[in-house]
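I opened a new structure today and kept notes as I went. Here is what I looked up.

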Amino acid sequence: MKVAYYSPMPPSRSGIADYSALLLPALRERVEEIVVVEPGKRAPRADLALYHVGNNPEAHGWIVDALKRRPGVVVLHELVLHHLIAGITIGRGHGRGYLDAMERDYGVVGRLLALGVLDNLLPLIWETQPERFPLTGTVLDLAEGLIVHSSYVERGAREAGYGGPIWRIPHPTWPEETIEPAELAGDPLVGCFGYLNMNKRIPQLLEGFTLLRQSRPGARLLLVGDAAERFDLDRRLERLGIGDEALIRESYVSESRFWALMAACDVLVNLRSPTMGETSGSVIRGLSLGKPMLVSDLGWFAELPDGVALKIPVDEYEAPTIAAALELATAHAAELGAAAREYVRGEHDLGRVAHAYVSALEEAAGGEAVSNAMLLRIAQAATDAGLDDPSEIVRAARAAGLV
Amino acid sequence: MRVAVCRPQVPFVYGGAEIVADDLVAELRLRGHEAEIVSVPYGWEGMRVLDHAFIWRLLELKGSPGKPIDLAIATKFPSYGLRHPNKVVWLLHQFRQAYDFDRTEFGQFSESPLDRATRLAIERFDRVAFGEAKRIFATSGNVAGRLKRYSGFDAQVLPHPPQKLAYRTDGSDGFVLSVNRLDRYKRIDLLIEAAKAEPGLRAVIVGEGPERGRLEQLASGMNGRIEFTGRVDPDRLADLYARCLAVYYAPVDEDFGMVPYEAFLSAKPVVTTLDAGGPLDVVREGETGIVVAPDAAELARACAHLAAHPDEARTLGEAGKAVAERVTWDACIDALLS
């Protein structure tokens, strides 16, 4: 089987590029041929096309363009695609496309909202409330099958009316390697990795960390990643009195530095609200290192087993809960870390994930043809035997997994 | 108890699986049960394999009024797909072309989307069928391991006794015996190559199969040290077992392997290879036989060693006999009917 593979790839600074870099070698061991398609290049002849779709129009706009030319299996890395769709419509001067997409998903109300956005009468929906308007219909319409990483996204796709096959395949984990931790002090050292913005609950984390410092004055916070344009991190740090003695800052770092920094931490925090339905490669990395982890209790994060990560409800007590959870995670680091590592080794094993991918791709490429051929032979045999209605027999074939 | 023993039947082919099912029926009847073979012709080329799986699926073995079937024992793919409220699987093997043989020289599914999806349908069928079984037994650790690895089900290992023969021991006439269908993966050529490397080694090869011509060609010019007998009757087979030095049995990753048990009941050691699979449940290096790498020179050395140390060969064979005698129909039937 030959698969045309559409995804951002390194050096693109994207979690999905990292994901594909990890997954592709394992897939290539199990699939006859995979051709990675580059932006602007002609689509290769293939039995099946696989499209990795995320919410970033710069990274994925060309992939949706290719999907429009040839439907295929979509890996839906995020449920919310509003920013992507806005980018490939309004962003390309094609406002009418945005109107159509909004109307397709939300009817006349959607079209009116979109008109409001185009006329600058309403704030940009993809920045203010994308989770209420995920705008996935355009992509779902073209998907012959969906690969998702969580029940959350699976449910969301079904609620959006998707009726095709969905395969839920966990995010793979990275092969275990010996990592030399960076030399950083902190008692405990609390790490937070990724783009720093409101969605990552950085204000709540800073407040929670400040509370922790009251009982653990030696605690330090390591923030790794660039701050969002309109997120005034420095002012917030100053207001909370988090000075250099309590804070370590690194912006975007190399992969090896990322691992070394993460390995140095005692506890990791990866919060999210609202969620776009995304899975976090950072969380998988941290769990694979056997680090206690705090996550928000929603979306994919809520699906982690209870003993593997401490889940923080998104409510008015979030900051004190974070502080208490950091204490708890530090006190039970060994048990939490061991459970995390064991969970990731099993559920997120790269070979297992690749095997599930291959089954999904093989099913997508030939499953319908095999089912149709079986049904045709059943119908033929039933007709030959004088049976007018072979539906009972067809049900038996379906129950046996044969069609 | 009224028991249906289910097996697919490749027309005009009668081998180990057929023997086991027939023996099971006979042994059940000896113990006062009503037992019968339920069989459907089987073919596995291309998508036909799904048709045959589906034919089994359509069978709902209820029995007739006043004569319900109490238990259905299914033996191998696709017979375990039948429907019965008390279905027990005694697994001889799954459809290996869909699993461990896939993408090897022994596989049958190409890289075409249709073939790949056909293979997936077999996977699904197996999961449904095994999921319905009240209990699952496997004839060897190897078969149980594959079932766990590929389909996720646990099975209790339950080996079956070999066919009934007049097993005995008549010393040793110094030849190494091979009893097997002459298929490529049974690896008879390794024994012939070993005989070429060890001029003192004589071998008798029992069995028929598509490889016979090639193997005879390979054995030509060896002054008759390799004898091909074709199929032999039970008396002759028992006699060959009784008079051989040792038995060679080294298929590639075999499911079970009845031959080692037959050799052991004749108090003969077995020479096998590290990758032989099921036989390794009972052929243990230095205990009941010799286990070598799949290499002609190593095999030749092992056979020469046994020829030079007949007392050791006898001791290994006797130890094997004790192992084989523990595998009884009483134990099998107790487990299957429990």
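**Ground rules.** I am working with a predicted model, where local features need pLDDT of at least 70, side-chain atom pairs count only at pLDDT 80 or more, and totals for chains, interfaces and linings use all residues. Residues are numbered from 1 along each chain as its sequence is written, while chains are lettered from A and ligands numbered from 1 in the order in which they are written.

**Chain A, overall.** I counted elements first. Chain A has 16 helices and twelve strands; these are DSSP runs numbered from the N terminus, with helices being H or I of at least four residues and strands E of at least two. Next I checked its radius of gyration, which is 24 Å against the 22 Å that the globule rule gives for 403 residues, so chain A is as compact as a globular protein of that length. (That radius is taken over C-alpha atoms, and the rule is 2.2 Å times the number of residues to the power 0.38.) Along the principal axes, the C-alpha atoms of chain A fill a box of roughly 85 × 50 × 40 Å.

**The sheet.** I then traced an open sheet of six strands in chain A. Its order is β2-β1-β3-β4-β5-β6, and the pairing is parallel. Two strands pair if DSSP finds at least two bridges between them. Which strands sit at the edges? They are β2 and β6 (166–168) of chain A, each pairing on one side only. From one strand to the next, the twist averages 25 degrees; axes are lines fitted to C-alpha atoms, for helices over the stretch in contact, and angles run from 0 to 180 degrees between N-to-C directions.

I looked at both ends of this sheet. Strand β1 (residues 2–6) of chain A pairs in the parallel sense with strand β2 (residues 33–37) of chain A over five bridges. Between these strands, the chain crosses through helix α1 (residues 15–28) of chain A, and this β-α-β crossover is right-handed. That means the path from the first strand over the helix to the second runs clockwise, with the strands pointing away from the viewer.

**Domains of chain A.** An automatic or database domain assignment sets the bounds. Chain A is divided into domain 1 (2–168) and domain 2 (189–347). Their C-alpha centres are 28 Å apart. The contact takes 17 residues from domain 1 of chain A and ten residues from domain 2 of chain A; residues touch if their C-beta atoms, placed from the backbone, lie within 7 Å. On the domain 1 side, α7 (151–159) of chain A gives the most, with four residues.

**Chain A against chain B.** How many residues meet here? I found 19 residues of chain A in contact with 20 residues of chain B. On the chain A side, α15 (350–384) and α16 (391–399) each give two or more residues. The largest share, eleven residues, comes from α15(A).

**Chain B.** Its domains are domain 1 (2–158) and domain 2 (175–325). The C-alpha centres of these two lie 29 Å apart. Their contact takes eleven residues from domain 1 of chain B and nine residues from domain 2 of chain B.

Definitions and conventions
Contact = placed C-beta atoms within 7 Å.
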